[in-house]
Amino acid sequence: MDKFRMIFQFLQSNQESFMTGICGIMALASAQMYSAFDFNCPCLPRYNLAYGLGILLVPPFILFLLGFVLNNNVSMLAEEWRRPQGQRGKDRAVLRYMFCSMAQRAMIAPVVWVSVTLLDGKCITCAFCTSVPVETLGNASHPGLSQGEMKRVLARIPCKEIYDGQELITNEVAVRYLRCISQALGWCFVLLMTTLAFLVRSLRPCFTQAAFLKSRYWSHYIDIERKLFDETCAEHARSFAKVCIQQFFEGMSTDLAAAHCHSPRKAPADAGEAAEKLLGITDQGTMNTALKSWHRCKPPLHLHPPALPSGNGWAGEGQPPPRPPEPRRETAAYYSRV
């Protein structure tokens with residue numbers, strides 16, 4: 001049990017690196033899922049577009065939501081956003097920073113899925129096979145085909161085994177054309193995401209360094225404050241349970257001693273230490289009131305500093321050094337006699 005507790009504490013202390021690793025694993029898993037996915041285009045004019053775009057966009061949305069679900073800071077962000085104002089104001093910039101940090105990690109797996117899907121080309125081929133320019137790539141003067149029949153024939157391009165429009169356009173030509181467009185879109189998407197990531201990670205702190213440092217500091221503060229509050233509550237609950245159980249057994253011992261005319265045993269030495277950790281909260285109603293007060297009115301972020309800044313520097317800078325205290329008259333008279 002201690003080993004699992006140590007592992008849990010290690011993951012909590014390295015939560016940012018742990019979440020980055022989780023997002024990387026999700027990205028690799030998304031690529032592996034796509035390679036193992038059995039893509040079956042319906043080859044029907046009404047369903048090809050919906051099926052192709054659904055495979056391209058729905059799994060990334062699910063992976064994006066899953067990235068938020070696996071992030072422990074989502075509940076902290078929601079709690080900070082929905083809590084009452086109280087004595088502590090809410091900084092929208094800090095909330096935006098926390099949300100953007102979580103969104104950046106959650107976007108890794110969806111970006112990988114979309115990139116792999118576009119570079120593979122099956123979804124675009126299935127979705128837009130009815131839009132192939134037959135006038136340029138095929139035989140547009142093929143007799144006996146209406147517009148609806150031509151779309152029905154073109155919708156079977158992804159299904160090579162049932163395609164029967166070789167006289168209209170060759171299956172290989174249409175597939176190569178659509179796959180080329182899909183791969184071009186895929187590489188453009190990869191370039192766009194890489195450029196955006198570079199701008200967000202590198203250039204944003206340069207233009208708003210003070211605001212960036214402030215938002216990052218207070219986001220860390222909120223995270224650390226919540227962890228310390230949970231640890232304090234857990235320690236208080238442990239001490240509360242320990243004292244409650246000890247009082248129960250002491251009462252049972254007193255009753256048994258009174259029934260059998262034995263002297264009751266002394267309370268253990270650590271009972272006083274556990275009672276001191278309760279901090280004066282010794283009943284359920286008081287504890288519930290304290291928890292409600294913490295939620296409704298958190299203490300203000302105003303500590304008492306030892307000195308206030310003065311001028312361009314801290315208090316005391318630029319001032320002449322203090323003069324040494326003058327000796328007492330009795331001491332001076334004593335030394336004069338000596």
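This is a predicted model: local features need pLDDT of at least 70, side-chain atom pairs count only at pLDDT 80 or more; totals for chains, interfaces and linings use all residues.
Helix α3 covers residues 48–69, which makes 22 residues, and reaches 32 Å from its first C-alpha to its last, close to the 32 Å expected at 1.5 Å a residue; the expected span here is 1.5 Å times one less than the number of residues. Residues are numbered from 1 along each chain as its sequence is written, and side-chain values use heavy atoms, with hydrogens and water left out.

Staying with α3, there is a bend of about 35° at G54, where the bend is the angle between axes fitted to the seven residues ending at a residue and the seven starting there. Which residues of α3 are buried? They are N48, G52, I55, L56, P60, L63, F64, G67 and F68, with buried meaning under 20% relative accessible area, exposed over 50%, and partly exposed in between, for a 1.4 Å probe and protein chains only.

Now to the cysteines. Taking a disulfide as a pair of cysteine sulfur atoms within 2.5 Å, the count comes to two disulfides.

One of these disulfides joins C41 to C126, with 2.1 Å from S to S, and with 75° about the S-S bond the link is right-handed. Because C41 lies in the loop between α2 (15–36) and α3, whereas C126 lies in helix α7 (residues 122–127), the pair ties together parts that are 85 residues apart in sequence. C41 counts as buried at 13% relative accessibility, and C126 is buried at 0%.

The other disulfide joins C43 to C159, with an S to S distance of 1.6 Å, and is right-handed, with 85° about the S-S bond. Here C43 lies in the loop between α2 and α3 and C159 in the loop between α9 (147–154) and α10 (171–207), so this pair ties together parts that are 116 residues apart in sequence. Both C43 and C159 are buried. Counting bonded cysteines along the chain, the disulfides follow the pattern 1-3, 2-4.

C123 is buried, with a relative accessible area of 1%, whereas C100 is partly exposed, at 32%.

How values were computed:
Helices (H or I, at least four residues) and strands (E, at least two) are DSSP runs, numbered from the N terminus.
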